[in-house]
Amino acid sequence: MKGIKKSELESKGYKEKGKIDLVNNKKEAILVNVLGIAIIVAMILIVPLLFKLNIIIIFPGEKYFISMIAFIVLMLLYIPLHEIVHGITLKCFSDEKLSFGWKLVYAYCGSKEAAMRPNEYFIVALAPLVVFSLVFIPLMFINKELSLVWYALEAMNVSGSIGDIYVTVKLWKERNNDTLITDSGTDMTVWSK
């Protein structure tokens, strides 16, 4: 059996130290959404430079229409795949049951029982950002006809990972041996001895 169950934490001397709630804490929810929008805006602002450097190319006419259809289809696939990558990495550290869902503007994967060490949690949180960046960025250079699509998907990947980045940065100081983190999908709890 991998990991510790949340239900065992108190009997092992752990107490709740803090919580991050990206749905019910309005201040954090607004901050994360503003950061996500800022990333999208910043990535849009560098598009002219990417055109000038010939990294992104727009093909006119029928190819443009096909690339927009490809973007919509890939975008709809990306959202559940992002959460599946969270789930696969979470399963590397815990045998506990996973839950997937959608709450307000967030798709999520979590577990009500899995308690992870901070470094394990950081891997789970950042895995989709890393995995999809390793896919989308090379594809911008390999498949020029869809370079704008791959760039737009990477922008979505970075922006869509902002909650994961925010939580990782906020919890970075908690990375010691006496700390565990639970993540139900939209809220994270820090437990410490």
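Trainee: Is Glu120 buried or exposed?

Mentor: Buried is a matter of cut-offs: a residue is buried under 20% relative accessible area, exposed over 50%, and partly exposed in between, with a 1.4 Å probe and protein chains only. Glu120 is buried, since its relative accessible area is 17%. Bear in mind that this is a predicted model, in which local features need pLDDT of at least 70 and side-chain atom pairs count only at pLDDT 80 or more, whereas totals for chains, interfaces and linings use all residues. Residues are numbered from 1 along each chain as its sequence is written, and side-chain values use heavy atoms, with hydrogens and water left out.

Trainee: With which residue does Glu120 form a salt bridge?

Mentor: Side chains of opposite charge can pair when their charged atoms come close. The rule used here asks for a side-chain nitrogen of Lys or Arg within 4 Å of a carboxyl oxygen of Asp or Glu. Glu120 forms such a bridge with Arg117, the closest N and O atoms being 3.5 Å apart, and Arg117 is partly exposed, with a relative accessible area of 49%.

Trainee: How many salt bridges does this rule give?

Mentor: The count comes to four. One of them joins Asp187 to Lys19, with 4.0 Å between the closest N and O atoms. Asp187 is buried at a relative accessible area of 18%, while Lys19 is partly exposed at 49%.

Trainee: Which residue forms a salt bridge with Lys170, and how far apart are the closest N and O atoms?

Mentor: The partner of Lys170 is Glu28, and their closest N and O atoms are 2.7 Å apart. Lys170 belongs to helix H6 and Glu28 to helix H1, so this bridge ties together parts that are 142 residues apart in sequence. Lys170, at 33% relative accessibility, counts as partly exposed, whereas Glu28 is buried, with a relative accessible area of 6%.

Trainee: Which residues touch the most other members of the largest nonpolar core?

Mentor: A nonpolar core is a set of buried Ala, Val, Leu, Ile, Met, Phe, Trp, Tyr and Cys residues joined through side-chain atoms within 4.5 Å. The largest one here has 46 residues, and those touching the most other members are Ile20, Leu22, Tyr121, Tyr151, Val167, Leu171 and Met188. The elements that give two or more residues to this core include helix H1 (26-45), helix H3 (62-93), helix H4 (118-142) and strand E6 (187-192). Helix H4 supplies the largest share, nine residues.

Trainee: Where in H4 does a kink lie?

Mentor: The bend at a residue is the angle between axes fitted to the seven residues ending there and the seven starting there. In H4 a kink of about 50 degrees lies at Leu126, shortly before the proline Pro128.

Trainee: Against which helices do the buried residues of H5 pack?

Mentor: Packing is read here through contacts, which means heavy atoms within 4.5 Å. The buried residues of H5 pack against H1, H2, H3, H4 and H6, and the helix is mostly covered, with eleven of its 14 residues buried. Among these buried residues are Trp150, Tyr151, Glu154 and Ser159.

Trainee: Is Ile37 buried or exposed?

Mentor: Ile37, which lies in helix H1, is exposed, with a relative accessible area of 56%.

Note on methods: Helix = DSSP H or I, 4+ residues; strand = E, 2+ residues; numbered from the N terminus.
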